[in-house]
Amino acid sequence: MRVTSIKQAAIGFSLTVLVVGLMAGWRMYVKAASPAHIQEIAAELAAVGKLYSTIPIMPNRACDKLLFGQSTEQGVGIFLLDIVSGQKHLMHEQSRKKYDPARFRLLGWAPDDSFFAYQRYEPQDYLFSRIIICKGNSGEMLYSFPVHEMMAGFVWLSPHAFAYMRITDGKRDLVAVEEKAGGEWVPLKPFKNITQKPASALTATSTHSVVWQEGNTLQRLNFATGLTEQIFESTSTGLQGFSFSLDTGKFLLLCRDKTGYGLFGFQPDEKGVWGGVRAGLFTNICSIKSLPNSMEKVLWTDNEKGIAYVVQDLGQRTLYIKTNTFDTSISLLARGSVVSFAVSRNQIFVAGSLTNEPPGIWQYDLVSGSLNCIYSSQEQPFKYTKYIVPLCRTVTNTSGKEITYHLWEPAKTSSNKKSPLLIGRSLYSWEVYPQVAANGGAFFVNVDRPSYTSANLNPWDEDIMTVYAELVKDSGIDTNAVFLYGSSSETEGLVSLVAKKPNLWKGAILLNPTSLPDLSGPHLSKILIDGGIDDAGTVKSAIKYQQAAADSGVSVTLALHQDAGHVYWSSSTKREQAQQLAKFLFGY
Amino acid sequence: MQLTLIRIFIYSSGALLLAAASAGFLTNWASAGFTTPNDPIFKISIRHLFWIVSGVELAVALVCLFGRQIPLQLMLILWLSMNLAIYRASLTFLGMRGGFGGYLANLSDVFGISPNTTDTMLTMMILYLLIGGSISLLFPWVWTRMRKFSVKANGQIKNSCPSCGGRIEFPVYGVGRKIACPHCMSTITLQKPPAALA
């Protein structure tokens with residue numbers, strides 16, 4: 001009897017070891033079959049800080065310090081960069097939880113570089129924020145000025161005074177604030193209800209006057225008289241934006257009509273005639289007939305000797321510089337993409353990528369024409385990742401239209417093994433997923449998207465199909481493993497394409513989708529939905545969709561990130577997203 | 001012979017259930033971070049359902065692999081397989097076109113197999129446990145009934161253990177066989193009592 005018991009126990013134990021070993025071995029085999037270190041690669045790539053166009057870079061006048069915003073592990077940070085030493089100092093970090101780009105801003109340098117300011121807020125209070133004033137040379141915080149209303153603009157008037165526009169019940173007031181003895185900053189009597197219309201680009205034109213844009217007009221408030229006057233109105237063209245040079249007192253106006261863009265110099269207090277009407281003195285700088293490309297932000301350079309502006313072409317933002325207004329333009333970051341730029345005297349600072357590499361901040365010297373990287377958001381060299389340079393290609397469709405796309409080829413290819421393909425249509429800029437996909441052994445293709453607006457997504461499916469037809473001629477592509485990807489509104493085009501050609505695609509990767517594939521017809525075999533838990537609309541529809549899909553026998557992998565909304569701000573959310581994407585594509 | 005077959009079935013069931021439990025635990029561990037749909041019957045997340053089912057599977061597997069009471073082992077196998085079969089049938093009844101398939105995205109990804117294959121494997125396991133458990137429970141009953149019928153026909157012999165004196169009852173055809181005394185475990189040879197000999 002005892003012998004029998006021992007024998008049974010031995011059998012039981014052996015079977016347990018065998019089965020557990022087999023299951024663990026199976027799991028390890030599946031893991032080993034996925035690309036080596038793919039999770040580490042995803043983490044490495046996501047650690048590259050993201051520079052945001054919502055927090056444009058701001059150099060000081062001496063060109064030895066620069067303020068910039070960048071993603072941090074837990075949210076977004078404001079940094080002070082010492083250009084000479086290359087050292088950066090974190091001034092303030094806002095957690096990704098309920099991050100609001102409209103209330104977390106750089107406010108700029110005082111005219112003599114003695115101070116700089118930024119705006120921060122308490123996430124609990126919707127309207128309350130603080131203007132933080134810091135010492136220009138060290139970044140030491142000197143004063144915290146409370147703002148209890150929504151702030152619509154900020155300008156330094158002098159080294160010891162600033163003004164901001166506040167919105168109360170739809171009315172806009174202007175509040176000037178002065179530094180008193182003892183370092184206290186005290187608000188003066190506000191100029192109430194200066195306008196009820198949307199106002200933007202608040203700019204100081206002297207120590208006692210400010211200008212802002214209101215539709216197609218420029219309005220000026222004189223603090224001495226308290227009067228507001230219209231100094232410019234564009235009647236035949238649309239005023240797209242303006243900038244102002246304190247040194248020369250001259251405006252640079254960016255106007256647009258049906259034929260293209262026009263740049264004008266404008267001195268409101270000089271005598272001149274414009275369109276038969278007595279007005280300030282206008283100078284025709286240049287016209288740029290480059291529709292449908294869009295021009296953004298134009299700045300004087302080097303005391304009005306030249307100009308710098310950004311043009312968005314097929315989603316790619318390029319900086320153009322004219323060292324004098326008659327020169328042909330020099331283009332910067334034409335193969336990469338501009339995030340933001342700023343001018344300080346004869347130096348141009350630009351944040352972005354030269355060739356889609358991890359973005360950095362570049363300094364262009366207008367005198368010598370040299371371009372130097374003063375900061376890179378990739379702080380550590382890659383240990384596991386091989387940086388893949390995208391190839392820019394064009395293909396012509398049947399109606400003769402030229403389509404531009406970028407292709408990231410797999411880091412490693414083998415002659416007898418075909419690679420999956422990810423295809424989608426986004427703006428072309430540095431992103432983590434193309435590098436993750438290519439390092440994992442997949443082709444990644446971005447059919448360049450003209451701009452952010454949804455109208456430009458059409459014909460999304462036609463352009464994708466043209467590029468797809470071109471790509472599948474490559475024998476290295478596994479046509480049974482083609483995935484569509486799309487982010488936010490791009491998923492609308494993706495869904496339409498799934499409906500039209502359901503059998504071409506193995507799966508889809510939907511990042512913060514606004515649209516989801518139909519489940520009633522033929523369906524994809526794999527779908528990944530990735531979203532932020534605070535993006536209420538996406539989360540609700542994605543959870544419902546996953547349930548409905550499961551009930552229909554379709555597997556949907558759903559990754560929801562804590563404390564993240566429709567836009568991911570922090571490096572930790574980016575890392576989670578990149579790692580989930582790698583798991584979905586290459587195995588867990 | 002029947003006993004050997006039943007033991008093989010119990011061991012194989014234990015191994016299968018242990019494999020299923022391991023798969024469930026590994027899936028939940030490896031896919032942490034993904035949101036799972038709710039199961040349509042109990043309305044709890046598939047991840048929670050995996051923890052519960054894998055826990056129960058593990059318990060039954062350990063009883064099958066290390067337990068000694070065959071009726072209990074078979075009853076547990078049958079109970080679990082019936083529950084799983086009813087759950088599976090309910091999915092079909094509720095109109096879930098893909099059976100388990102749609103709920104097994106993480107499991108299939110963790111083990112590199114398609115959801116449909118995973119669904120088929122699970123269904124086959126349930127059928128094996130259900131059919132095997134039913135037959136195993138049914139066979140001993142039939143066998144015992146036949147033996148009892150046979151024993152009644154041939155009569156019983158009562159005797160006592162020559163070593164401890166404990167009472168032993170055995171069928172006539174057992175005479176001459178060597179067994180372990182159920183009281184003292186001494187090896188004895190079954191014999192007719194002296195009165196019967198006379």
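Domain bounds, as used here, come from an automatic or database domain assignment. For chain B that assignment gives domain 1 (2-150) and domain 2 (155-197); select both, and note that their centres, taken over C-alpha atoms, are separated by 44 Å.

The model is predicted: local features need pLDDT of at least 70, side-chain atom pairs count only at pLDDT 80 or more, and totals for chains, interfaces and linings use all residues. Residues are numbered from 1 along each chain as its sequence is written, with chains lettered from A and ligands numbered from 1 in the order in which they are written.

**The interface**

Next, display chains A and B together. Here 34 residues of chain A are in contact with 36 residues of chain B (C-beta atoms, placed from the backbone, within 7 Å). On the chain B side, helix 1 (2-30), strand 1 (34-35), helix 2 (46-66) and helix 4 (105-110) each supply at least two residues. Helices (H or I, at least four residues) and strands (E, at least two) are DSSP runs, numbered from the N terminus. Helix 1 of chain B gives the largest share, nine residues.

Now select strand 37 (residues 556-561) of chain A, which runs antiparallel to strand 1 of chain B and is joined to it by two bridges; DSSP must find at least two for strands to pair. Leu558(A) has Thr35(B) as its bridge partner.

**Helix 3 of chain A**

Finally, select residues 432-440 of chain A. Nine of the nine residues of this helix are buried, so it is largely enclosed by the rest of the structure (buried: 20 or more other C-beta atoms within 10 Å of a residue's own, placed from the backbone). Among them are Tyr433(A) and Asn439(A). Just after the helix, Gly441(A) takes a positive phi of about 105 degrees.

Note on methods: Contact = placed C-beta atoms within 7 Å. Buried ≥ 20, exposed ≤ 12 C-beta atoms within 10 Å, placed from the backbone.
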